[in-house]
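Subject: Structure for you to look at

Hi,

Here is the structure I promised to pass on. Please open it beside this email, and my notes on what turned up follow below.

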Amino acid sequence: MSPILSPDDLDFTSHSEEQTRRLGQRLGALLQPGDVVCLQGPLGSGKTRFVQGVGRGMGVLGIIASPSYTIVNEYHSASGPSLYHIDFYRISETSFLGFDPEECIGGSGVAAVEWPDRAPGHIPPERLWITFRHVDEMKRGLLLQPSGERYRELLLAFRMSAFGV
Ligand SMILES: Nc1ncnc2c1ncn2[C@@H]1O[C@H](COP(=O)(O)OP(=O)(O)OP(=O)(O)O)[C@@H](O)[C@H]1O
Ligand SMILES: [Mg+2]
């Protein structure tokens, strides 16, 4: 993903684990069936914390933890779409059990994909891409970059919801 900033991008700093979750929750409340959110960044940079918030915002049931031994965990929501939490970190070692790419990414649910750059062939050209970085022990930088009209609109709505501007 290009590090070059465009006017559509949104870059901010989270000051705590809970703030990262709350930001994810704001995004989760805006997500629709078929949406794809990619989360790239080093180990421990907050990707899963953010996805936990996304699940909260979508009203999914269950506690979101990293899918370490399978590629994907599915979380059902009482009223809305399912959340497919996908992690390609160990793509060469993990089981693809339950991973139907067409259903999990861009299907009837929402996809949150950690380590998307390890499986570029599974990533659609239109998506929201979030790059996480360590700032210090408690701070994480999040750069949100949309590709495609749907994601530009989503990011504008997220900006308004999270920051009021
Ligand atoms: N501002 C912050 N936002 C998110 N996590 C934070 C923050 N400050 C500290 N942390 C800590 O950083 C860690 C983030 O863990 P998390 O599992 O979310 O990372 P990850 O990016 O998913 O890593 P992995 O690539 O191993 O899946 C947690 O231990 C959390 O407590
Ligand atoms: Mg993780």
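Let me start with helix H2 (residues 47-58), which is mostly covered: eleven of its twelve residues are buried. Buried here means that 20 or more other C-beta atoms lie within 10 Å of a residue's own, exposed means 12 or fewer, and partly exposed is in between, with C-beta atoms placed from the backbone. Helices (H or I, at least four residues) and strands (E, at least two) are DSSP runs, numbered from the N terminus.

Before going further, two notes on provenance. This is a predicted model, in which local features need pLDDT of at least 70 and side-chain atom pairs count only at pLDDT 80 or more, while totals for chains, interfaces and linings use all residues. Residues are numbered from 1 along each chain as its sequence is written, with chains lettered from A and ligands numbered from 1 in the order in which they are written.

The buried residues of H2 are Lys47, Thr48, Arg49, Phe50, Val51, Gln52, Gly53, Val54, Gly55, Gly57 and Met58. They pack against H1, E2, E3, E4, E5 and E6, where contact means that the C-beta atoms of two residues, placed from the backbone, lie within 7 Å.

The expected span is 1.5 Å times one less than the number of residues.

Which residues sit closest to ligand 1? Of the 19 residues that surround ligand 1, the closest are Thr20, Gly46, Lys47, Thr48 and Arg49; a residue counts as near if its C-beta atom, placed from the backbone, lies within 6 Å of the molecule. H1 and H2 each supply at least two residues of this shell, and H2 gives the most, with three.

The sheet

Seven strands form an open sheet with mixed pairing, in the order E1-E7-E6-E2-E5-E4-E3. Two strands pair if DSSP finds at least two bridges between them. Strands E1 (10-14) and E3 (72-75) stand at the edges with a single partner strand each, so one side of each is left without a neighbour in the sheet. From one strand to the next the twist averages 20°. E3 pairs with E4 (residues 83-87) in the antiparallel sense over four bridges, and the bridge partner of Asn73 in E4 is His85.

In H1 (residues 17-28), Thr20, Arg21, Leu23, Gly24, Leu27 and Gly28 are buried. These residues cover an arc of only 160° around the axis, which puts them on the same side of H1; the arc is that of the directions from the helix axis to the C-beta atoms. Their cover includes E1, H2, E7 (140-147) and H4 (149-163).

H4 has 15 residues and reaches 21 Å from its first C-alpha to its last, close to the 21 Å expected at 1.5 Å a residue. Tyr151, Leu154 and Phe158 are buried in H4, and they cover an arc of only 55° around the axis, which puts them on the same side of H4. On the other side, Glu149, Glu153, Met160 and Phe163 are exposed. What covers the buried residues of H4 includes H1, E6 and E7. H4 is followed by Gly164, whose phi is positive, near 75°.

Some single residues

Trp115, in the loop between E5 and E6, has a positive phi of about 55° although it is not a glycine. With 18 C-beta neighbours inside 10 Å, Trp115 counts as partly exposed.

Leu31 lies in the loop between H1 and E2 and counts as buried, with 23 C-beta neighbours inside 10 Å. Not counting residues up to four places away in sequence, Leu31 touches Met58 and Val110.

All the best

How values were computed:
Axes are lines fitted to C-alpha atoms, for helices over the stretch in contact, and angles run from 0 to 180 degrees between N-to-C directions.
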